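Here's a quick briefing to read alongside the model. Have the viewer open and keep the sequence handy while you go through it.

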Amino acid sequence: MNVVFVITETAEEILEMVSQDVAGLLAAVKGESVTFPSGSYTYDCHTLDHYLVGEEYRQELVIYLK
């Protein structure tokens, strides 16, 4: 599944990746903090978006950080 990390306040995307372990990724992100080259953040919320590309439905997990 496609996963995008977004800063809640600015809507800036800081990372886009593909993961097959979405539950594990969410559990890890909900920990104390998440560190990227641009800084450390804490979990805010997440959404699961569905969209159509051509004739194929896709899912995207958007994880919001603060």
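Predicted model: local features only at pLDDT ≥ 70, side-chain atom pairs only at ≥ 80, totals over all residues.

The protein has one helix and six strands, and their order along the sequence is β-β-α-β-β-β-β.

**Overall picture**
- The C-alpha trace spans about 40 × 25 × 20 Å along its principal axes.
- Of the protein's 66 residues, 29% count as buried.
- The exposed surface comes to about 4,400 Å², and carbon and sulfur atoms supply 52% of that.
- If you take the contacts with a separation of 6 or more, residues 24 or more positions apart account for 37% of them.

- S1 covers residues 2–7, and S2 covers residues 13–18.
- These two strands run antiparallel and are joined by five bridges.
- Across the pair, Phe-5 sits opposite Leu-15 in S2.
- Five residues lie between the strands of this hairpin, and Ala-11 takes a positive phi there, near 65 degrees.

- Nonpolar side chains tend to be buried together in soluble globular proteins.
- Here, the largest nonpolar core has 13 residues, and the ones touching the most other members are Phe-5, Val-29, Ile-63 and Leu-65.
- At least two core residues come from each of S1, helix H1 (22–29), strand S3 (34–36) and strand S6 (56–65).
- H1 is the top contributor to this core, giving four residues.
- Val-29 is a handy one to click on: setting aside neighbours within four places in sequence, Val-29 is in contact with Phe-5, Val-34, Tyr-43, Ile-63 and Leu-65.

**Asn-2, a polar residue in S1**
- Asn-2 belongs to S1.
- Is Asn-2 buried or exposed? Its relative accessibility is 15%, and the cut-off for buried is under 20%, so Asn-2 counts as buried.
- The side chain of Asn-2 makes a polar contact of 3.1 Å with the side chain of Glu-16.
- Beyond its neighbours within four places in sequence, Asn-2 is in contact with Glu-16, Met-17, Val-18, Tyr-51, Gln-59, Glu-60 and Leu-61.

- For the polar side, show Asn-2 and Glu-16, whose side chains are joined by the 3.1 Å polar contact.

Notes
Residues numbered from 1 in each chain as written. Heavy atoms only, no water. Buried < 20%, exposed > 50% of the residue type's maximum accessible area, 1.4 Å probe, protein only. Polar contact = N/O pair within 3.5 Å; in protein donor to acceptor, adjacent residues only side chain to side chain. Contact = heavy atoms within 4.5 Å. Core = buried A, V, L, I, M, F, W, Y, C linked by side-chain atoms within 4.5 Å. Areas by Shrake-Rupley, 256 points an atom, 1.4 Å probe, with all protein chains shown as cover. Pairing = 2+ DSSP bridges.
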